[in-house]
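Dear colleague,

I am passing on the structure below, and my notes on what was found in it follow. Please read them with the coordinates open.

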Amino acid sequence: MFADIDEAISNVAFYDSEKEGRIENIKKRIHEASSDEVKFELSEWLIEEYEAYNSDSTLFYINLNLKNPIVDTHQQYKNRMLIKKADVAAHAGLFGEASEILENINKEELDSILLENYYSAYCDLYQYQSEYATDSEYALRHSSLRETYIDSIGLVASPESINYVVNHAASAARNGDFHTAETMLLDNLGKFHSGERNYSILTSILADIYRQKGDRNNYTKYIGKSVISDIEGAVKENMAIRALATICYEDGDIERADRYLRQSFADANFYSARMRNAQSSRMLPIIGEAYTSEQKKMNHSLTVLVIFISILAVGLILISIYALKQVIKVRAVNNKTKEMLDEVSSLSQKLSDVNKELSTANIDLQNSNAIQKEYGVLFMEYCSLAISSLQQYQHSLKVAAAQGNLDTLRKKIDSSNIENKTLAEFYSKFDEAVLNLYPNFVEKFNLLLKPEDRIEVKPKEKLNTELRVFALIRIGITDSEKIAGFLRCSITTIYTYRSKIKKKALRPDSFEQSLSQI
């Protein structure tokens, strides 16, 4: 199964390209549409394509549809878009916005289909709030509210409805009725194919039921099916691959767990799923600790092996010397000389084999260090992502405060103390990490520059912005756009720094190559 998943991940670009092709085709048809009615219908199709792919684009086209003149004369159209907008906002982690939209909808105006979608949107909202809550009291309250809306779905939805099946199966499982939940899901799974969103949802919930039952084999099997379906359908709003990373970690497959978690991060970032990003972030330190533990074990084993091989090599050298002396002493005796020479030849071959093993051990040790460096890059990317999330959160609070006329809250939010402190701590940790890896980084960096252009660091600073730019390049982050993101400055500034320092170098043509050898 894991081989199929790895193959699917290797083809992510292909499935994304197919999705982008469908999206571009719909956009072209919208542009060519001759009436507001057709534009509205095509935009709904486009929203469906974007829904589990990119939340920002989905919300953009929902808002665009809400501005369509036809909405003014069709209240059901407007309600349909508002329910969809609330559902997408909930998936993206914008719980406050989703709740506000749903509260402002007059459910008395909704027909049975829209009412089902309305209740389903509330179910999703409380489900995600329950998953996100770290306090068990809040999680239980959200779960209880979700159960209320599941009951409401049962009153308006057909038993064949996917909303009915999904929510009632999950509810039955939570009440311990695993047989009913399993039967409902398996009966409906055959109606869909891998790559379809409903297939991904059904297999994911089915996997969770097996998890609750303690059936690990089927849990892993259906989580894997959900992952493959998500990839084939270019679904970026997902949780299955993160769950699979956890399974791999528990099984001791740290490398695969790390690879799957990276894909989970990439999907969450592309979709702009704040909640999924936060959930994946909780796994990062755990896998990092496992990597460190594995590395310590490897380093210890390599050290013991090197010591053993060194002792063996010294012993073989001493034996070789002794053998040569014996050859000299018994040169006159041809038979004994031949035997001794054969013995020396055999020992020399063993020494050659030992030297090859020592060379292999050294290569393994270098690879271990490369893993440490690679994980260091991932740690810094995570730190940068945490800062971005904090800034986004502060912005969302400003909007909430502005709408509620809460002057005191607005003053606190307008303060830049938290952001400045977080950035200062981030840069301090970054400087400390760089100087731990490369203790003489500043001195060696200055040796690459002309004497009159060398950089002096202020007494209370470890590194300044210019040095941080080239510290990132030394670590292996050479893309100017990524460096600009780390340092919270424009990409033009990064290009300026790189160009200016290169002109000050003793050997401009080989400056960055020399930098990589610090």
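Predicted model: local features only at pLDDT ≥ 70, side-chain atom pairs only at ≥ 80, totals over all residues.

The residues of H11 that are buried are Tyr-199, Ser-200, Leu-202, Thr-203, Ser-204, Ile-205, Leu-206, Ala-207, Ile-209 and Tyr-210. Helix H11 (residues 197-213) has 17 residues, which at 1.5 Å a residue should span 24 Å, and the 25 Å between its end C-alpha atoms agrees with that. After H11 comes Gly-214, with a positive phi near 85°.

**Nonpolar cores**

The largest nonpolar core has 47 residues, of which Leu-102, Ile-105 and Tyr-118 touch the most other members. At least two residues of this core come from each of helix H2 (12-32), helix H3 (36-50), helix H4 (55-66), helix H5 (75-91), helix H6 (95-103), helix H7 (112-132) and helix H8 (136-156), and H7 gives the most, with 10 residues. Leaving aside residues up to four places away in sequence, Tyr-118 touches Ile-83, Leu-102, Ile-105, Lys-107 and Leu-110. Another core, of 38 residues, lies apart from the largest one, and Val-12, Val-165, Ala-172 and Ile-231 are among its members.

**A nonpolar surface patch**

On the surface, Val-314, Ile-317, Leu-318 and Ile-321 form a nonpolar patch that together has about 360 Å² of accessible area.

With best regards

How values were computed: Residues numbered from 1 in each chain as written. Heavy atoms only, no water. Core = buried A, V, L, I, M, F, W, Y, C linked by side-chain atoms within 4.5 Å. Buried < 20%, exposed > 50% of the residue type's maximum accessible area, 1.4 Å probe, protein only. Helix = DSSP H or I, 4+ residues; strand = E, 2+ residues; numbered from the N terminus. Contact = heavy atoms within 4.5 Å. Patch = residues over 30% accessible without salt bridge, like charges linked within 9 Å, V, L, I, M, F, W, Y side chains within 5 Å. Areas by Shrake-Rupley, 256 points an atom, 1.4 Å probe, with all protein chains shown as cover. Salt bridge = Lys/Arg side-chain N within 4 Å of Asp/Glu carboxyl O. Expected span 1.5 Å × (residues − 1).
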